[in-house]
Amino acid sequence: WLTKITDADLQTVARLKNLTRLNLDNTKITDVGLAHVKELENLEYLHLGKVMALTDAGLAELHGLKKLKTLIITFVPNVSDAAVAELQKAIPGIDIKR
């Protein structure tokens, strides 16, 4: 089942500047929503498992999250190995679980 969090909801979440953990597992968000997540400069953990609309473009939105330590993108079919490698270059030391 999908949770009801949408891209529009992430506009509100983006105002929570001290947020360190965000679980968006199995939501309907898209790359557009991740443009809001990139505002969370203190984010350390992000779970995007089963976010079927996520693509390489959405993953690229996360490049500025320098404190991000863990990213979970299990069961996300539209993200390439190249996009994951680019994110690992942008955020040294990040643990990306596929």
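Accessible area is computed here by the Shrake-Rupley method with a 1.4 Å probe. By this method the protein, a predicted model, exposes about 5,300 Å². Carbon and sulfur atoms supply 55% of that area. Buried residues make up 42% of the 98 residues.

The secondary structure comprises four helices and four strands. The C-alpha atoms fill a box of roughly 30 × 30 × 20 Å along the principal axes. The radius of gyration is 12 Å. This agrees with a compact globule, because a globule of 98 residues would have a value near 13 Å. Among contacts with a separation of 6 or more, 57% join residues 24 or more positions apart.

Charged side chains were also counted. The protein carries 13 positive and 12 negative side chains. The centres of the two sets lie 5 Å apart.

Helix α4 spans residues 81-90. Its buried residues are A83, V84, L87 and A90. These residues cover an arc of only 120 degrees around the axis, which means that they lie on the same side of α4. An α-helix has 3.6 residues a turn, so residues three or four places apart point the same way. On the other side of α4, D81, A82 and K89 are exposed.

Terms used: Residues numbered from 1 in each chain as written. Predicted model: local features only at pLDDT ≥ 70, side-chain atom pairs only at ≥ 80, totals over all residues. Heavy atoms only, no water. Helix = DSSP H or I, 4+ residues; strand = E, 2+ residues; numbered from the N terminus. Rg over C-alpha atoms; globule rule 2.2 N^0.38 Å. Buried < 20%, exposed > 50% of the residue type's maximum accessible area, 1.4 Å probe, protein only. Contact = heavy atoms within 4.5 Å. Lys, Arg positive; Asp, Glu negative; His and termini not counted. Charge placed at Lys NZ, Arg CZ, Asp CG, Glu CD. Arc of directions from axis to C-beta.
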